[in-house]
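Subject: Structure handover

Hi,

Here is the structure for your files. My notes on what turned up follow below it.

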Amino acid sequence: MEETIGVAEAAQIPQQRGEQLLDHAVRYAEERHWDVFPGTWLEASEGREFCSCGDTDCPAPGAHATGPEWATQATGSAAAARRMWGKHPKASILLPTGRTFDVLDLPESAGFLALARLERMDLPLGPVSCTPDRRMLFFVLPGAAVKVPELIRTLGWAPSSIDLVARGDGHYIAAPPTRVGGRGAVQWARRPTPANRWLPEAAELLSPLAYACGRDAAAARTRRG
């Protein structure tokens with residue numbers, strides 16, 4: 001069983017350095033054959049950090065695409081990744097979904113509960129990342145975004161009643177160790193390894209994930225009530 005991080009450990013995020021970003025971007029392209037593209041980055045000014053896009057109210061500072069043409073910039077070439085991050089060494093690492101993988105996006109609280117259950121059940125798992133806004137992303141085979149709403153209904157849930165969405169074609173995610181403003185960095189809960197190179201189908205994971213999200217939603221309603 002692959003070791004996973006705990007909630008306490010997830011909060012301990014190392015400082016991001018420019019040279020690390022290039023190394024990670026190249027590794028994603030070279031070892032995982034994932035398409036990568038550089039996004040915005042953080043600029044320091046007057047003791048604060050701002051997004052390179054110039055928007056002082058940027059919702060994802062230092063961790064979003066630089067323009068609408070991002071899909072054409074994405075490359076699976078390690079050499080191209082070296083060139084791109086060579087020009088912008090502080091640029092965030094962004095991965096388009098819907099190509100070599102989709103992601104199942106859910107709250108971190110539900111994600112850790114589901115992850116523990118999935119490991120006890122010895123179900124196949126791909127990489128899993130955690131974001132600073134307390135989301136957990138499970139990597140699955142592409143095509144999940146189209147299937148997941150109906151799969152959720154089959155399990156007896158209304159898709160709108162639980163906080164679980166699939167991100168596929170037309171979307172992208174920030175990859176570790178990209179830092180999102182002062183909130184912290186994206187990091188791996190389960191790192192990409194040779195053992196999880198082959199991704200699972202969304203349907204293989206959905207029941208434990210939906211159950212955990214349902215419990216999370218019920219607990220939130222109880223707290224509000």
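Let me start with the aromatics. Y28, W34, F101, F139 and W188 form one aromatic cluster. Rings of Phe, Tyr and Trp (its six-membered ring) pair if their centres lie within 6.5 Å; planes under 30 degrees apart are stacked, over 60 edge-to-face, and the rest tilted.

Some ground rules. This is a predicted model: local features need pLDDT of at least 70, side-chain atom pairs count only at pLDDT 80 or more, and totals for chains, interfaces and linings use all residues. Residues are numbered from 1 along each chain as its sequence is written, and side-chain values use heavy atoms, with hydrogens and water left out.

**Aromatic pairs**

The search of the whole structure gives ten aromatic pairs. One of them joins W70 and Y172, edge-to-face, at 5.0 Å centre to centre and 70 degrees between the planes. W70 lies in helix α3 (residues 70-73) and Y172 in strand β9, so this pair ties together parts that are 102 residues apart in sequence. Helices (H or I, at least four residues) and strands (E, at least two) are DSSP runs, numbered from the N terminus. W70 is buried, at 12% relative accessible area. Y172 is partly exposed, at 26%. The cut-offs: buried is under 20% relative accessible area, exposed over 50%, partly exposed in between (1.4 Å probe, protein chains only).

F101 and F139 also pair, tilted, with 4.6 Å centre to centre and 35 degrees between the planes. F101 is in the loop between β4 (93-96) and β5 (102-107), while F139 is in strand β7, 38 residues apart. Both F101 and F139 are buried.

The charged end of R117 sits over the ring of Y211, 5.0 Å from its centre. The test is NZ of Lys or CZ of Arg within 6 Å of the ring centre and within 35 degrees of the ring normal.

**Largest pocket**

Its volume is about 430 Å³. The lining has 18 residues, with T131, D133, Y172, I173 and A174 nearest the centre. β9 (172-174) and β7 (135-140) each supply at least two lining residues. β9 gives the most, with three. By type, the lining divides into ten nonpolar, three polar and five charged residues.

A pocket here is an open set of points on a 1 Å grid over the protein atoms alone, where a 1.4 Å probe fits, with protein on both sides within 12 Å along at least five of seven lines; lining residues have an atom within 4 Å of a point.

**Helix α4**

Helix α4 (residues 78-87) buries A78, A80, A81, M84 and W85. Seen down the axis of α4, these fall within an arc of 155 degrees, so they line one face of the helix. The arc is taken over directions from the helix axis to the C-beta atoms. The face turned away from the buried side carries the exposed residues R83, G86 and K87.

**Backbone points**

Most residues other than glycine have a negative phi, and most peptide bonds are trans. The bond from P176 to P177 is cis, with omega near 5 degrees. P177 lies in the loop between β9 and β10 (187-190). H33 has a positive phi, near 60 degrees. H33 sits in the loop between α2 (18-31) and β1 (37-38), and counts as exposed at 54% relative accessibility. D122 also has phi near 60 degrees. D122 is in the loop between α5 (108-120) and β6 (128-130), and is exposed at 67%.

Best wishes

Conventions:
Grid points are joined across faces, edges and corners, and a volume is the space filled by probe spheres set on the points. Ala, Val, Leu, Ile, Met, Phe, Trp, Tyr, Cys and Pro count as nonpolar, Asp, Glu, Lys and Arg as charged, and the others, Gly among them, as polar.
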